[in-house]
Amino acid sequence: MRASRFSLLALVSALASIVAGCEQSAQLPMTTLAPKSDLGEAIHHLFLEVTAWDALIFVIVIVAFTLAVFVFSTRAGEAAPPSQASSDLTLEVAWTVGPALVLLMISIPTVRTIFRSQPEVAPKGSLEIKVVAHQWWWEFDYPDGHKTANEMHIPTGQPIRLRLESADIIHSFWVPALGGKRDVVPGQINHLTFIANTPGDYPGQCAEFCGLSHANMRFRVFVQTPDDFAMWQKEQLAGPATPLPNDQLAVQGAQYFATSPCTACHTVEGVSKGYIGPNLTHFGSRTTLAAGVLKNDPADVAAWITDPQKIKPGAYMPALVLPGPKLNALVAYLESLK
Ligand code: CUA
């Protein structure tokens, strides 16, 4: 009696967590239960399919267990159970073939979904974006030559083909809303192919431990309507904004930047050619900085320049100790790079 009460309790709490999980999924940005791409949906269906098979097996095992304990057990005073030395061929075939069939039913759709996520040939009309993972930030190179960092923009309805490369060690590209994880391996090119279907701003995260700031290796994917995406792309293709003459602070910042140590690692088109750190040509148009760790506002930019190690331990960005007015001018210039 106690055992059946326990089973009931376990079942009720499992159901409660499932319901709670479904309700929360709408507010949880890293959930995989609210897919926003064809690949995400395929993986979600696969998850439900496998869970259904698992649930069936769970029920069969629990029923068999309950029967064995409460119905077919020998009670005190009863005759000894029949000998277990003989075997039943039909039963043995059944419990070998049954699980084999279930495994087949799970593995066929799983393998199909894996292949679907990385077709050999890029789908017709696809937009191929090169993704380069660095310790600890993301570079996105578009086919028309512009580069961005930590914020990728893509249109809805068009196949997206990501070509994943690493600049140093193994990372893993993961945007839960758009599909599964894919390792980014040095010396190897991996692909991830999907079609996003809902405009929105989706967080991503490196999903392979890659050193001290692995947890700080975040990024965002902005899925836009084709028109909005075309507009964004046009803005990115234009050179960097030059500070307006009446924005004295930004003008001073531009003069300082051109001769600063920043130019050794960062590119601003037409101004500098560094490539170790993120391309800053349109820095001011991004919503975040330091791989999605900080908001892109003047206070956070100043905090990042002054002490990057405090925000992202191990980051290769050196601290730049500047007098207040110089720092403010540099921040104003960076923010003006829309
Ligand atoms: Cu890159 Cu973890």
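Mentor: Buried means under 20% relative accessible area, exposed means over 50%, and partly exposed lies in between (1.4 Å probe, protein chains only). The model here is predicted: local features need pLDDT of at least 70, side-chain atom pairs count only at pLDDT 80 or more, and totals for chains, interfaces and linings use all residues. Residues are numbered from 1 along each chain as its sequence is written, and side-chain values use heavy atoms, with hydrogens and water left out.

Trainee: Is cysteine 262 buried or exposed?

Mentor: Cysteine 262 has a relative accessible area of 16%, so it is buried. Cysteine 210 is buried as well, at 1%.

Trainee: How many disulfides are there?

Mentor: A disulfide is a covalent bond between the sulfur atoms of two cysteines. The rule used is a pair of cysteine sulfur atoms within 2.5 Å. By this rule the count is zero. For cysteine 262, the nearest cysteine sulfur belongs to cysteine 265 and is 8.7 Å away.

Trainee: At what angle do helix α2 and helix α3 pack?

Mentor: Two packed helices are described by the angle between their axes and the distance between the axes. Helices (H or I, at least four residues) and strands (E, at least two) are DSSP runs, numbered from the N terminus. Axes are lines fitted to C-alpha atoms, for helices over the stretch in contact, and angles run from 0 to 180 degrees between N-to-C directions. Helix α2 (residues 38-71) and helix α3 (residues 89-117) pack at about 170°, with axes 10 Å apart. That makes α2 roughly antiparallel to α3, a label for angles over 145 degrees.

Trainee: Which residues of α2 and α3 meet?

Mentor: Contact means heavy atoms within 4.5 Å. In α2 they include Leu39, Ile43 and Trp53, and in α3 they include Val102, Met105 and Arg116.

Trainee: In what order do the strands of the sheet lie?

Mentor: Two strands pair if DSSP finds at least two bridges between them. Five strands form an open sheet in the order β3-β2-β1-β5-β8, with mixed pairing. The edge strands, β3 (147-149) and β8 (190-194), each pair on one side only.

Trainee: In what sense does β1 pair with β5?

Mentor: β1 and β5 pair in the parallel sense over seven bridges; valine 132 has glutamate 165 in β5 as its bridge partner. β1 (residues 127-134) and β2 (residues 137-141) pair in the antiparallel sense over five bridges, and a hairpin joins β1 to β2 through two residues. Six of the eight residues of β1 are buried.

How values were computed:
Angles under 35 degrees count as roughly parallel, over 145 as roughly antiparallel, 65 to 115 as roughly perpendicular and the rest as oblique.
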